[in-house]
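Biologist: I would like to learn to read a fold one feature at a time. Please give the general idea, then the case at hand.

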Amino acid sequence: MSRKTPWIAAGGLAAALTACPARTPSSPPAPPPIRVPTGCEKNQAGEYHHTENPAFRYLGEDDGGTLTLTLARAREGAEGQADGGTTVSIVLNRTPDGFVGETRAATFTPAGTACPVRFPTQATDCDDKGLTLRSVASAAIDENCRPAPSGPTPVWKEQRLLRRVPDARTPPTPTSGDAGTP
């Protein structure tokens, strides 16, 4: 009987192994779907200006996943210069949590040290006329460019950027060879 026990055990083990389904490597789970406001899935590249102050102009670049709006504040005789020599940009990513990101800028301490600051920002609407953004309006920092231990509660503000429409009153620029004559 002792010789039969190992064979019975081996047979039971073989039956158990063949009864279990084979393990196959599982593929990674599908990423969650992108959820952005209607219209924001479209390419948002182009030129924009702020509704409250059209001197604030933005150039938008969109790769399908990220929209980057770079501020170019127009001044008399200084077309396209960044405000105060600092770079201000808005970077928004299309994510499962919305069209979200941050506004990146710089501010200065009382001693004159430039400090990078980032404000949470999101797109709440995208249409043929432009973009509606919601962003934290200000941030408190200390003299070492760190978030201040105390300060005002962040206030969210809505901003509207309109697409630039070519001015119909501006005559076309002459091309070489026609000297502007009809």
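Biologist: Strand pairing, please. In which sense do E3 and E4 pair?

Modeller: Strand E3 (residues 66–73) and E4 pair in the antiparallel sense, over five bridges. As for terms, DSSP must find at least two bridges between two strands before they pair. Strands are DSSP runs of E with at least two residues, helices are runs of H or I with at least four, and both are numbered from the N terminus. Across this pair, Thr68 stands opposite Val91 in E4.

Biologist: What kind of model is this, and how is it numbered?

Modeller: It is a predicted model, numbered from 1 along each chain as its sequence is written, with local features needing pLDDT of at least 70 and side-chain atom pairs pLDDT 80 or more, while totals for chains, interfaces and linings use all residues. Side-chain values use heavy atoms, without hydrogens or water.

Biologist: Why is E4 described as largely enclosed?

Modeller: Burial is a cut-off on relative accessible area: buried is under 20%, exposed is over 50%, partly exposed is in between, with a 1.4 Å probe and protein chains only. Six of the seven residues of E4 (residues 89–95) are buried, so the rest of the structure largely encloses this strand. Across the 182 residues of the protein chain, 24% count as buried.

Biologist: Now the core. Which residues touch the most other members?

Modeller: General idea first. In soluble globular proteins, nonpolar side chains tend to be buried together. A nonpolar core is a set of buried Ala, Val, Leu, Ile, Met, Phe, Trp, Tyr and Cys residues joined through side-chain atoms within 4.5 Å. The largest core here has 21 residues, and Tyr58, Leu69, Leu92, Phe99, Ala123, Leu131 and Leu133 touch the most other members. Strand E2 (56–62), E3, E4, E5, strand E6 (114–127) and E7 each supply at least two residues of this core. E6 gives its largest share, four residues.

Biologist: Take one member. What does Leu69 touch?

Modeller: Contact means heavy atoms within 4.5 Å. Not counting residues up to four places away in sequence, Leu69 touches Tyr48, Tyr58, Leu59, Gly60, Val88, Ser89, Ile90, Leu131, Leu133 and Leu161. For the protein chain, take contacts between residues at least 6 apart in sequence: 43% of them join residues at least 24 apart.

Biologist: Is Thr132 buried or exposed?

Modeller: Thr132 lies in strand E7 and counts as buried, at 9% relative accessibility. Beyond four places in sequence, Thr132 contacts Gln122, Ala123, Thr124, Asp125, Glu158, Gln159 and Arg160.

Biologist: Next, pockets. How are they found?

Modeller: Rolling a probe the size of a water molecule over the atoms shows where empty space is left. On a 1 Å grid over the protein atoms alone, a pocket is an open set of points with protein on both sides within 12 Å along at least five of seven lines, and lining residues have an atom within 4 Å of a point. Volume is the space filled by probe spheres set on the points, which are joined across faces, edges and corners. The largest pocket has a volume of about 550 Å³. Its lining counts 22 residues, with Tyr58, Val88, Thr103, Phe119 and Gln159 nearest the centre. E5 gives the most to this lining, four residues.

Biologist: What is the volume of the second largest pocket?

Modeller: About 330 Å³. Of its 19 lining residues, Ser138, Ala139, Ala140, Ile141 and Pro147 are the closest to the centre. E6 gives the most to the lining of this second largest pocket, with five residues.

Biologist: Last, backbone angles. What is the phi of Cys145 near?

Modeller: Most residues other than glycine have a negative phi. Cys145 has a positive one, near 65°. Cys145 sits in the loop between strand E7 (130–136) and strand E8 (156–163), and is partly exposed at 24% relative accessible area.

How values were computed
1 Å grid on protein atoms, 1.4 Å probe; cavity = no way out; pocket = protein on both sides within 12 Å on 5 of 7 lines; lining within 4 Å.
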